[in-house]
Amino acid sequence: MNWLRLRAMREDDLPWVTALERTAQETPWSEKSFREALTAGYACWVAEVLSGEDPATAVAEPVGFLILLLAAGEAEILNLAIDPPHRGRGLGREMLEAALEEARERGATTVWLEVRVSNQAAIALYQRSGFAIVARRRGYYATREGAREDALVMQRELVR
């Protein structure tokens, strides 16, 4: 039996998180960027799949992470990644829903994010979770080749 658990990201998670980030992002965050997010008090989570008969004694395998910024009644999803072998199993959706609930509990009424126009899987995930495209930022993201790629700005209102 498998369960998904979200827990607070720790300093000792950063090498794994940074390695996953390099596989997931065209222009990845550095370990220093993740450390700064932790230090600044952003909501930083690691998702773990627990395998075994009992969650209390199950073996935990990290499978993803999420970084959420909360401020002034709004939230922004800054980064979300799932380890490639675990994609397509609904884990990203579960992490996203947990982040939306956390934002709601902390008083946010609106959640924002940016996503590369080429990242169709993420766009579909966000749309299924109630996000709407509200703007396009031309040339927002750098690519590995040194070119620029547009970002879609997406927004979701949270119902209390």
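**Cores and helix packing in a predicted model**

V46 is placed in strand β2, where helices (H or I, at least four residues) and strands (E, at least two) are DSSP runs numbered from the N terminus. The structure is a predicted model, in which local features need pLDDT of at least 70 and side-chain atom pairs count only at pLDDT 80 or more, whereas totals for chains, interfaces and linings use all residues. Residues are numbered from 1 along each chain as its sequence is written, and side-chain values use heavy atoms, with hydrogens and water left out.

With a relative accessibility of 0%, V46 counts as buried, a term that stands for under 20% relative accessible area, with exposed meaning over 50% and partly exposed in between (1.4 Å probe, protein chains only). Leaving aside neighbours within four places in sequence, V46 is in contact (heavy atoms within 4.5 Å) with R5, L6, R7, M9, D13, V17, P62, G64 and F65.

A nonpolar core is a set of buried Ala, Val, Leu, Ile, Met, Phe, Trp, Tyr and Cys residues joined through side-chain atoms within 4.5 Å. The largest such core has 29 residues, of which L68, L96, V111, V115, Y126 and F131 touch the most other members. Two or more residues each are given to this core by β2 (43-51), β3 (59-71), β4 (74-82), α3 (91-105), β5 (110-116), α4 (120-128) and β7 (148-157), and the largest share, six residues, comes from α3. A second, separate core of eleven residues includes V17, F34, V46 and F65.

Helix α3 has 15 residues and reaches 21 Å from its first C-alpha to its last, close to the 21 Å expected at 1.5 Å a residue, the expected span being 1.5 Å times one less than the number of residues. Within α3, the residues L91, G92, M95, L96, A99, L100, A103 and R104 are buried. After α3 comes G107, whose phi is positive, near 95 degrees.

Helices α1 (residues 14-24) and α2 (residues 31-40) pack at an angle of about 125 degrees, with their axes 9 Å apart; axes are lines fitted to C-alpha atoms, for helices over the stretch in contact, and angles run from 0 to 180 degrees between N-to-C directions. The two helices are therefore oblique to each other, given that angles under 35 degrees count as roughly parallel, over 145 as roughly antiparallel, 65 to 115 as roughly perpendicular and the rest as oblique. At this packing, L14, P15, V17, T18 and E21 in α1 meet E31, F34, R35 and L38 in α2.
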